[in-house]
Amino acid sequence: TKIALFASGNGSNVQAIIDAIEQKKLNAAVELVVCDKPNAFVIERAKNAGIDVFSFQAKSFSSKEEYEKIICEKLEEKGIEWIILAGYMRLIGKVLLSAYEKKIINIHPSLLPAFPGKDAVGQAVEYGVKVMGVTIHYVDEGMDTGPIIAQESFAVSEEMDKVQIEKQIHSIEHKLYPSTLQQLFT
Ligand code: GRF
């Protein structure tokens, strides 16, 4: 299964997917990493793994439609079948949604539909929730909306601070994303 990974930042989930493929836990090929931040660490990770990168700056285009058309061309050139968002901090627009219907997946660090949007963990900590988790879902035009594919929760103990909670979330994500994708692709 040919996939493209979209990311904006550190890319630890991108790394987890690359590693799972190498360890034969995930039967897929990452043909392209798409990144909207030219200095993001994820670009380095992709290069180290020998994966092609398409990086762009949204402000160089007049609209989302404009840059998504270019992305779409790159994806089609490479025969991409699925788009996997991993910390990609932009809403997906109609160009990509219609070209990849039900083939775009996202991971979000909360038990959706609670705490969509930015800093989900911060929002959840602020609220004092005692159960947190991770959601993998199909992408639609909304912000962290779309049918849920998988979730994993954990209990938040009294002594956990935000840093520990984030660590826990990442360790869940790095296993749940590859295993969920493997199920989707088979
Ligand atoms: C993850 O927590 C993911 O759930 C969210 O953005 C974060 C990306 O982290 N959508 P990383 O760049 O994969 O390390």
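**Exercise 1. Determine whether Asp119 is buried or exposed, and describe its backbone.**

Solution. Asp119 is exposed, because 11 other C-beta atoms lie within 10 Å. The classes rest on C-beta atoms placed from the backbone: a residue is buried if 20 or more others lie within 10 Å of its own, exposed if 12 or fewer, and partly exposed in between. Next, Asp119 is located in the loop between β5 and α5 (120–127). Helices (H or I, at least four residues) and strands (E, at least two) are DSSP runs, numbered from the N terminus. Finally, the phi of Asp119 is positive, near 50°, in a residue other than glycine. Most residues other than glycine have a negative phi, and most peptide bonds are trans.

The model is a predicted one, in which local features need pLDDT of at least 70 and side-chain atom pairs count only at pLDDT 80 or more, while totals for chains, interfaces and linings use all residues. Residues are numbered from 1 along each chain as its sequence is written.

**Exercise 2. Find the cis peptide bond that involves Pro113, and place Pro113 in the fold.**

Solution. The bond from Leu112 to Pro113 is cis, with omega near 10°. Pro113 itself belongs to the loop between β5 and α5.

**Exercise 3. Explain why His108 counts as buried, and state which residues it touches.**

Solution. His108 is in strand β5. His108 counts as buried because it has 22 C-beta neighbours inside 10 Å. Leaving out residues up to four places away in sequence, His108 touches Ala120, Thr135 and Asp144; contact requires C-beta atoms, placed from the backbone, within 7 Å. Asp144 is found in the loop between β6 (131–138) and β7 (148–155), and its phi is positive, about 60°, although Asp144 is not a glycine. An unreviewed UniProt entry lists His108 for "active site"; such annotations may be inferred rather than shown by experiment.

**Exercise 4. State which elements give two or more residues to the shell around the ligand, and how its residues divide by type.**

Solution. The residues around the ligand include Asn10, Ser12, Asn13, Ile107, His108 and Glu173, where a residue is near if its C-beta atom, placed from the backbone, lies within 6 Å. Two or more residues come from each of α1 (12–22) and β5 (104–108). By type, the shell has four nonpolar, seven polar and one charged residue. Here Ala, Val, Leu, Ile, Met, Phe, Trp, Tyr, Cys and Pro are nonpolar, Asp, Glu, Lys and Arg charged, and the others, Gly among them, polar.

Notes. Contact = placed C-beta atoms within 7 Å.
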